[in-house]
Amino acid sequence: RRVERVAAAGRGPVVFAGGAMRAYFDGETALGPQAYLGRLEGTAPVPPHAHESSWEIIAAVRAQGTFLLGEREHRLGARQVVAVPPGVRHAWTPDPGVSLVAVQMYW
């Protein structure tokens, strides 16, 4: 669903969390309907959720906060990568005053 939403938005950002988060579609159409490559930027937490049929890979460029993966919390900082398997609940909570900038891929 997220892949379709971002692809449908074209190259402009998808804005959510009251304007505090933005997803930018950076992939070419050659990636096809099953893939999304883009950037995620913002200061808001991302509530717990799961993607039932796709992997999500997040490569943090700038980050400082807590990443929930399944039932475990992990610290996430710059230059770290998280791979979220299909169906696994995950969330992001930034430290106060920190902005997340990440490369994001769904497959």
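Three salt bridges turn up in this structure, a salt bridge being a side-chain nitrogen of Lys or Arg within 4 Å of a carboxyl oxygen of Asp or Glu. This is a predicted model, so local features need pLDDT of at least 70 and side-chain atom pairs count only at pLDDT 80 or more, while totals for chains, interfaces and linings use all residues. Residues are numbered from 1 along each chain as its sequence is written, and side-chain values use heavy atoms, with hydrogens and water left out.

- Side chains of opposite charge can pair when their charged atoms come close.
- Arg 22 and Glu 41 pair up through their side chains, at 3.8 Å from N to O. This pair ties together distant parts of the chain, with Arg 22 in strand β2 and Glu 41 in strand β3, 19 residues apart. (Strands are DSSP runs of E, at least two residues, and helices are runs of H or I, at least four residues; both are numbered from the N terminus.)
- Glu 41 also has a salt bridge with Arg 39, where the closest N and O atoms are 3.5 Å apart.
- Arg 75 bridges to Asp 95, with 2.6 Å between the closest N and O atoms. Here too distant parts of the chain are linked: Arg 75 is in strand β7 (residues 72-77), and Asp 95 is in the loop between β9 (90-94) and β10, 20 residues apart.
- Through shared partners, Arg 22, Arg 39 and Glu 41 join into one network.

**Buried or exposed?**

- Buried means under 20% relative accessible area, exposed means over 50%, and partly exposed is in between (1.4 Å probe, protein chains only).
- Glu 41 has a relative accessible area of 17%, so it is buried. Asp 95 is buried as well, at 18%.
- Arg 22 counts as partly exposed at 25%, and Arg 39 is partly exposed at 32%.
- Arg 72, found in strand β7, counts as exposed because its relative accessibility is 59%.

**The nonpolar core**

- A nonpolar core is a set of buried Ala, Val, Leu, Ile, Met, Phe, Trp, Tyr and Cys residues joined through side-chain atoms within 4.5 Å.
- The largest such core has 19 residues, and Met 21, Ala 63, Phe 67, Leu 76, Trp 92 and Leu 100 touch the most other members. Two or more residues each come from β2 (21-25), β3 (36-42), β5, β8 (81-84) and β10 (100-106).
- Leaving aside neighbours within four places in sequence, Phe 67 is in contact with residues including Ile 58, Arg 72, His 90 and Trp 92; contact means heavy atoms within 4.5 Å.
- Two of those partners, Arg 72 and His 90, sit 18 residues apart in sequence and 9.2 Å apart in space, C-alpha to C-alpha.

**A look at His 51**

- You'll find His 51 in the loop between β4 (46-49) and β5 (56-62), and it is buried, at 15% relative accessible area.
- The His 51 side chain makes polar contacts with the side chains of His 49 (3.2 Å) and Tyr 106 (3.5 Å).
- A polar contact is a pair of N or O atoms within 3.5 Å; within protein, one must be able to donate a hydrogen and the other to accept it, and residues adjacent in sequence count only if both atoms are side-chain atoms.

**How confident is the model?**

- The predictor's confidence in each residue is called pLDDT, from 0 to 100. The chain averages 86, and 82% of the residues score at least 70.
- Confidence is highest in strand β6 (residues 64-69), at 98, and lowest in helix α1 (residues 2-8), at a mean of 46.
- Over residues 1-9, pLDDT stays under 50. Where pLDDT is low, the predicted coordinates should not be read in detail.
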